[in-house]
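This report goes through selected local features of one model. The sequence and structure are shown first.

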Amino acid sequence: MLLTYGGSWQEAGALAGLLAGALVVLILTHAAQPPTFPDSALYHAQFIQWMHRYPLVPGLGNLRGQLAFNSHAHLLTAFFSPATPLSQAPAFQQTVSSLGFLLLTIHHVRRAGRQLRVGPRPWLAIFYLGSILLLLMTMRPWISSPLADSTAAVLGLLLLGLLLETPRLSSAGLIWVGVIAATAVTVKSSAGTMLLWPLVAAWWPAQGRWRRLGLLLGVIVLVLLPWVGRNVGLSGYLAYPLAGSLGPVVRDWAVTPTQLTADLVEIRLFARRPLGDWPLAAKQPLEEWLPLWWMQQEPADKLLLLVVVAGIGLIAGWLVWQLVAKKTAYSALIKRIDPTLYLLLLLGCGSWFVAAPAMRFAYAYLIGAALLSPLIIARELPIRWSQIAGWGLCALSLLYTLNGLHHELAKPAALTAHVTWPADYPEVRTQVAGQVGSYPVRTGVRPNRRCGNALLPCTDSLSLGLQLRGTTLRQGFRMVQD
């Protein structure tokens with residue numbers, strides 16, 4: 001097997017190997033930096049620390065609503081990183097995010113190189129190389145943070161590549177695709193429309209559709225059941241806060257309806273106005289908040305959105321050309337996997353924009369849609385043009401990587417402190433705000449009130465009515481309201 005893997009790299013070529021090596025160095029350089037994403041200090045670090053100490057605390061969301069946002073990315077981070085005090089070796093909270101970026105990079109560069117040199121579909125290199133480049137452009141600063149959004153994006157892009165290259169899957173392949181899609185949902189609920197992708201793959205063959213659909217749905221349910229169980233344990237609800245309208249499954253430790261509503265509103269409004277002024281979006285019509293939302297996006301995110309919009313126009317023109325000028329039958333077009341996946345990606349983009357348009361919630365959809373439009377067009381061109389475009393994208397990615405390395409290594413702190421050994425969370429100031437049972441509860445100090453990796457239990461503010469369900473933290477929390 002190792003010989004086969006080594007042979008596939010030999011087929012990929014020297015330029016692909018050079019690009020992969022440079023990308024690995026860039027990713028590891030970022031992975032060694034302190035976790036800096038704001039939500040990591042807000043609740044990610046606390047959530048992971050709770051998992052180390054107590055695998056499942058009933059009603060943990062009563063301590064802080066975000067601690068009920070169950071993500072298996074944090075479960076993986078807790079599994080791969082040891083629980084250590086700040087004074088000792090770092091906790092390696094970066095592990096899962098950086099491993100995800102490394103997995104995507106090594107797999108996609110190798111597949112791109114092989115398709116360009118010996119494969120029959122060189123246009124796939126547009127997706128393989130473009131996905132790495134766009135994901136790094138948008139999420140590179142957060143590689144060291146235990147961010148569920150990056151893990152979901154990596155899983156989505158790996159799944160898209162698999163379906164584009166092998167649309168007619170065997171039963172074993174279909175099971176694998178179902179596991180990846182369902183796992184993405186347990187990592188980030190916004191990945192929900194990814195479940196439509198394996199359903200398309202199950203329906204693709206002419207024979208055995210219902211058997212394949214049944215097999216796929218069984219696999220998806222099997223993957224989702226432990227996640228649902230953790231949701232009930234943490235919050236009392238099936239999928240907090242998204243399924244709050246169904247009511248709690250367990251009332252004893254269920255998060256209060258007031259807190260559930262506040263968390264759901266904050267997610268939606270923050271996504272519309274991310275730079276600290278999100279309450280202002282509560283009653284703004286589309287024509288008022290959309291320009292401000294656009295202004296608050298990062299330059300790379302704006303570029304990605306423009307590419308997606310331009311791609312929609314490109315595909316519209318291509319469809320007119322196929323149906324009118326070339327007289328292509330509509331039935332022939334829908335038999336191809338790439339246009340079908342493109343429509344599903346646009347559906348994901350649309351549902352994201354309506355529900356909660358924070359960019360990091362939808363990178364798999366946005367990057368996929370941005371790349372599938374030129375890929376669909378490239379299939380119609382002579383192969384040599386696809387090869388030229390692919391190798392040009394490979395060279396562009398290498399230049400981007402070398403420039404990124406130069407920028408990072410030019411920082412004195414990166415050279416002296418965090419290159420040979422990963423950094424831990426920055427220390428934060430906390431204060432004791434009150435008592436729950438026999439345990440003092442800390443809160444973060446103003447203005448941010450973030451707990452970081454402070455000792456448990458810690459929250460942004462101590463809620464009135466918070467009680468232990470027993471005598472220990474392991475037994476969980478409940479809210480007692482007057």
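The model is predicted.

**Cysteines**

A search of the whole structure returns one disulfide. C451 and C458 form that link, and their sulfur atoms lie 2.1 Å apart. The torsion about the S-S bond is -85°, and the link of C451 and C458 is left-handed.

| Cysteine | Relative accessible area | Class |
|---|---|---|
| C451 | 1% | buried |
| C458 | 2% | buried |
| C349 | 9% | buried |
| C394 | 2% | buried |

The class in each row follows from the cut-off, because buried means under 20% relative accessible area. C349 therefore counts as buried at 9%.

Strand 1 pairs with strand 2, residues 439-444, in the antiparallel sense, and six bridges connect them. Within this pairing, V432 stands opposite R442 of strand 2. Q435 has P440 of strand 2 as its bridge partner. The two strands form a hairpin, with two residues between strand 1 and strand 2. In the turn, G437 has a positive phi of about 65°. As background, most residues other than glycine have a negative phi.

**Prolines in loops**

The loop between strand 2 and strand 3 holds P447, and P457 lies in that loop as well. From R446 to P447 the bond is cis, with omega near 10°. From L456 to P457 the bond is also cis, and omega is near -15°. For context, most peptide bonds are trans.

Is P120 buried or exposed? P120 has a relative accessible area of 57% and is exposed, because the exposed class begins over 50%. P120 sits in the loop between helix 5 (95-117) and helix 6 (124-139). Leaving aside neighbours within four places in sequence, P120 is in contact with Q115 and I383. P120 and W197 are 77 residues apart along the chain, and their C-alpha atoms are separated by 24 Å.

**Helix 9 and helix 10**

Helix 9 (residues 196-203) packs against helix 10 (residues 209-235) at an angle of about 150°, and the axes are 8 Å apart. Helix 9 is therefore roughly antiparallel to helix 10, because angles over 145 degrees fall in that class. The crossing of the two helices is right-handed.

Which residues of helix 9 and helix 10 make the contact? From helix 9, the contact involves P198, L199, A201, A202 and W203. From helix 10, R209, W210, R212, L213, L216 and L217 take part.

Conventions:
Residues are numbered from 1 along each chain as its sequence is written. This is a predicted model: local features need pLDDT of at least 70, side-chain atom pairs count only at pLDDT 80 or more; totals for chains, interfaces and linings use all residues. Side-chain values use heavy atoms; hydrogens and water are left out. A disulfide is a pair of cysteine sulfur atoms within 2.5 Å. Buried means under 20% relative accessible area, exposed over 50%, partly exposed in between (1.4 Å probe, protein chains only). Two strands pair if DSSP finds at least two bridges between them. Helices (H or I, at least four residues) and strands (E, at least two) are DSSP runs, numbered from the N terminus. Axes are lines fitted to C-alpha atoms, for helices over the stretch in contact, and angles run from 0 to 180 degrees between N-to-C directions. Angles under 35 degrees count as roughly parallel, over 145 as roughly antiparallel, 65 to 115 as roughly perpendicular and the rest as oblique. A crossing is left-handed if the near helix is turned anticlockwise from the far one by less than a right angle, and right-handed if clockwise. Contact means heavy atoms within 4.5 Å.
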